[in-house]
Amino acid sequence: MNVSRRVLLAASAGAGAAGALSAGAGTAAASSGGSGRRLRTGFERLAADGYRLLEGQKVGVVTNPTGVTRDVRHIVDVMHADERVNLVAVFGPEHGFRGTAQAGGSEGRYDDPATGLPVYDTYLKSGQPLADVFTASGVDTIVFDIQDAGARFYTYIWTLYDCMEAAQLAGKRFVVLDRPNPVTGRGAYGPVLHKEFATFVGRREISQAHGMTVTELARLFNGEYLARPVELSTVTMTGWKRRDFYDASGLPWVPPSPNMPTPDTALVYSGTCMFEGTNLSEGRGTTRPFELLGAEGIDGKWAAKANELALPGVHFREAYFAPTFSKFQGKTIGGVQIHVDDREAYDPVRTGIALLVTAKSAWSGFAWRPDNWIDKLTGSAQVRTMIDAGASTDEVVGAWQTELAAFRNVRARYLAYR
């Protein structure tokens with residue numbers, strides 16, 4: 001009997017998925033941070049079901065290096081090797097399908113050397129131009145599988161939004177495969193975007209730390225924000241609880257982007273990414289991006305002021321570092337390193353605001369970026385203008401509570417996990 005390599009690879013993939021779904025209690029405990037639960041991603045469940053959701057469809061996948069199985073094979077490679085899936089195209093977001101581009105870049109249009117599949121670039125495309133890409137690719141169904149970081153300004157959730165909108169315009173089905181929110185789904189925090197400040201770092205009115213998974217966001221987008229809903233299917237996880245941090249998942253961490261190297265980065269990111277809107281370094285070009293913050297002329301006074309606030313779950317260390325690229329490239333600068341010692345108590349957005357307030361008071365050179373990028377990151381001019389007016393951390397945080405409560409009420413209708 002002749003058996004093709006593709007069939008053998010598919011059988012291996014199917015066995016791996018089935019094994020993951022039928023793991024015994026000992027394996028589950030070992031791979032779920034000791035919780036006794038075995039998390040199964042949306043892709044694991046799709047594969048274990050024999051890809052029935054994709055049967056008879058020409059399939060395209062929106063993904064990046066995070067779209068991997070538990071044994072770190074890329075889902076595109078797995079699906080391409082499986083004769084039950086007619087995979088005809090791949091769509092790459094910011095940083096690219098294989099992840100070779102830095103922030104603000106993509107890989108463009110090319111044929112993937114590993115599979116021969118055409119790879120189309122979605123970055124900075126939306127609406128009808130993106131719909132035209134989907135039409136030209138010849139797909140019937142578009143599958144989305146990307147690891148998110150839990151922050152409104154992390155662009156992959158807006159790739160999701162744009163692709164859903166474009167799929168509707170092109171008359172395509174849309175399937176979202178779920179993965180954990182790495183910083184839990186316990187709650188929503190931070191300011192809510194105002195529509196007039198919409199950009200690719202925030203298309204719609206959600207909070208800065210949204211506390212949702214990508215399937216929950218897809219349902220929210222479809223139910224609240226898209227002009228016309230797309231034909232949407234979502235494949236949720238099993239074994240994930242809203243209180244779970246990423247290390248409870250038992251899944252490998254693949255950096256979703258070059259400056260998101262660990263789940264620790266994601267833990268602070270929804271607060272410290274606001275420093276992109278200032279003249280301080282947000283730690284790009286170091287081994288601890290978004291955990292190290294600083295600039296020329298800053299000394300230990302900043303860390304001291306920040307520690308005086310006694311913020312829950314975090315301490316600040318006086319730090320000196322020399323970024324290898326981005327702001328202050330090759331220069332030794334001073335600042336702080338964030339040390340989260342109680343992640344259950346830690347509020348990343350409140351902490352980020354406190355660091356902005358104390359940086360401005362501790363360093364006379366503090367300035368916002370001239371283009372007011374901070375307003376795009378925070379979703380309005382409120383944070384910038386209040387800090388400029390001398391508001392305290394509590395005053396700034398208090399100013400968004402009414403809008404945040406309204407968003408939390410909307411959010412609650414789309415939550416899929418307990």
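Biologist: Let's start with Glu282: does Glu282 count as buried or exposed?

Modeller: Keep in mind this is a predicted model. Glu282 counts as buried, because its relative accessibility is 4% and the cut-off for buried is under 20%.

Biologist: Okay, and which residue forms a salt bridge with Glu282?

Modeller: That's Lys327, and the closest N and O atoms of the pair are 3.1 Å apart.

Biologist: Where do Glu282 and Lys327 sit in the chain?

Modeller: Glu282 is in the loop between α8 (263-272) and β10 (292-295), while Lys327 is in the loop between β11 (314-321) and β12 (333-340). They're 45 residues apart, so the pair links distant parts of the chain. Lys327 is partly exposed, with a relative accessible area of 21%.

Biologist: Which residues are linked with them in a network of salt bridges?

Modeller: The network has Glu276 and Arg284 in it, along with Glu282 and Lys327.

Biologist: How many salt bridges does the count come to?

Modeller: The count comes to 23 salt bridges.

Biologist: Tell me about another. What do the side chains of Asp394 and Arg350 do?

Modeller: They meet in a salt bridge, at 2.1 Å from N to O. Asp394 lies in helix α13 (residues 393-399) and Arg350 in helix α10 (residues 348-362), so this pair ties together parts that are 44 residues apart in sequence. Arg350 is partly exposed, at 25% relative accessible area.

Biologist: And which residue does Asp371 pair with?

Modeller: Asp371 forms a salt bridge with Arg369, with 2.7 Å between the closest N and O atoms. Both partners are partly exposed: Asp371 has a relative accessible area of 42%, and Arg369 is at 29%.

Biologist: Switching to helices now. At what angle do the axes of α5 and α6 cross?

Modeller: Roughly 65 degrees, and the axes come within 8 Å. Helix α5 covers residues 127-137 and helix α6 covers residues 156-170. Angles of 65 to 115 degrees count as roughly perpendicular, so α5 and α6 are roughly perpendicular to each other.

Biologist: Is that crossing left-handed or right-handed?

Modeller: Right-handed, as α5 passes α6.

Biologist: Which residues make the contact?

Modeller: From α5, they include Leu130, Ala131 and Phe134. From α6, Cys163, Ala166 and Leu169 are among them.

Notes: Residues are numbered from 1 along each chain as its sequence is written. This is a predicted model: local features need pLDDT of at least 70, side-chain atom pairs count only at pLDDT 80 or more; totals for chains, interfaces and linings use all residues. Side-chain values use heavy atoms; hydrogens and water are left out. Axes are lines fitted to C-alpha atoms, for helices over the stretch in contact, and angles run from 0 to 180 degrees between N-to-C directions. Helices (H or I, at least four residues) and strands (E, at least two) are DSSP runs, numbered from the N terminus. Angles under 35 degrees count as roughly parallel, over 145 as roughly antiparallel, 65 to 115 as roughly perpendicular and the rest as oblique. A crossing is left-handed if the near helix is turned anticlockwise from the far one by less than a right angle, and right-handed if clockwise. Contact means heavy atoms within 4.5 Å. A salt bridge is a side-chain nitrogen of Lys or Arg within 4 Å of a carboxyl oxygen of Asp or Glu. Buried means under 20% relative accessible area, exposed over 50%, partly exposed in between (1.4 Å probe, protein chains only).
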